[in-house]
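Good morning, and thank you for joining. Please look at the structure on the screen while I go through its main features.

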Amino acid sequence: MQNVLNALRALEEIAERQPIGVAELARAMELPKSSVQRSLLTLHEAGWIRPAAGTPTRWAVTAKALYVGRRATGELGLRDAAVPVMEELRRQCGETVHLAVPEGDRVVLIERLETSQPVRIVLPLGQDLPVHASANGKAILAAGPVATLERQLVGELAEFTATTITDPDRLRAELAEVRRRGYAINSGEWRADVSAVAAAVLGVDGLPVASLSVNVPTSRMTDASGAQFAAMVVVAAERLGHALGNANSSAFGGSC
């Protein structure tokens, strides 16, 4: 039983710190290197981890962990419905498209279709997005229950860049505007070089089950392109809501 627990702990640490070597992992777990090495071999044989690209002595989690997580939360069905919509959205806008989902008080990136342009936005799948400082986060927060918003405002809102909204009243006002216009904007509020437009996807209960976003380097986000992306992403979010079986899938009942 202890070997199983060690392997599960190792998997969690690798997911958090990847790519990671056996010595660093042993220090993090406060276990002998020999015990950690056995856990690594077990996880590798079972297909949960792989040698990191170009660094055979360091380890990274495989897609198996993501697959199991999706099966556990029903996200495979969401992804199956979302990918065709995302592909059409990417074809229209020519930029990177993200699919994110709420997990408790977090918003997590679960799918990404990248632009073919040489300068692009690349975030790892499984990335937590700051709820108050990302377009996906604000879209989901605006469409969700008031209680979820108020929980976010209990603690201090982290400041990531000069444009991050950290004042609770300003955030409430921003989310009211998101609800009015039907989409959220991130103008370099998490990373100064990243901007995005996102719209929430509603489930049959009227609550957000996901959000879709168009993500661009801030240098490519203009008022004109932002308006075009907003129109596209609102339609895409409505299409995905319909594909998931919600006949009233428009997050805010309006359009751009």
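Of the 256 residues of this protein, 45% count as buried. Please bear in mind that the model is predicted. The protein exposes about 12,500 Å², and carbon and sulfur atoms supply 54% of that area. As for contacts, among those with a separation of 6 or more, 56% are accounted for by residues 24 or more positions apart.

Turning to secondary structure, the protein has nine helices and nine strands. Six strands form an open sheet with antiparallel pairing, and their order is E6-E5-E4-E9-E8-E7. Which strands stand at the edges? They are E6, residues 128-129, and E7, residues 184-187. Each has a single partner strand, so one side of each is left without a neighbour in the sheet.

Four bridges pair E7 with E8, residues 194-202, in the antiparallel sense. Within this pairing, Ile 185 has Val 197 in E8 as its bridge partner.

Two helices pack on the sheet, and I shall describe each in turn. Helix H6, residues 135-143, touches E4, E5, E6, E7, E8 and E9. The direction of H6 makes about 30° with that of E8. Helix H9, residues 223-243, touches E4, E8 and E9. For H9, the angle with the direction of E8 is about 25°.

Now to the other part of the sheet. E4 and E5 run antiparallel and are joined by seven bridges. They form a hairpin with two residues between them, and Gly 104 in the turn has a positive phi of about 65°. Val 97 stands opposite Leu 113 in E5. Is E5 mostly covered or mostly uncovered? Six of its eight residues are buried, so to speak of E5 as mostly covered is to apply the cut-off of under 20% relative accessible area. E5 also pairs with E6, again in the antiparallel sense, over two bridges. In that pairing, Val 108 stands opposite Asp 128 in E6.

Met 1, Val 4, Leu 5 and Leu 8 make a nonpolar surface patch of about 430 Å². Leu 8 lies in helix H1, which covers residues 2-17. How does Leu 8 count, and why? Leu 8 has 47% relative accessibility, so it counts as partly exposed; that class lies between under 20% for buried and over 50% for exposed.

Thank you for your attention.

Notes. Residues are numbered from 1 along each chain as its sequence is written. This is a predicted model: local features need pLDDT of at least 70, side-chain atom pairs count only at pLDDT 80 or more; totals for chains, interfaces and linings use all residues. Side-chain values use heavy atoms; hydrogens and water are left out. Two strands pair if DSSP finds at least two bridges between them. Contact means heavy atoms within 4.5 Å. Axes are lines fitted to C-alpha atoms, for helices over the stretch in contact, and angles run from 0 to 180 degrees between N-to-C directions. Patches are made of residues with over 30% relative accessible area and no salt bridge: like charges are joined within 9 Å, nonpolar side chains (Val, Leu, Ile, Met, Phe, Trp, Tyr) within 5 Å. Accessible areas come from the Shrake-Rupley method with a 1.4 Å probe; for residues, only the protein chains shown count as cover. A salt bridge is a side-chain nitrogen of Lys or Arg within 4 Å of a carboxyl oxygen of Asp or Glu. Buried means under 20% relative accessible area, exposed over 50%, partly exposed in between (1.4 Å probe, protein chains only).
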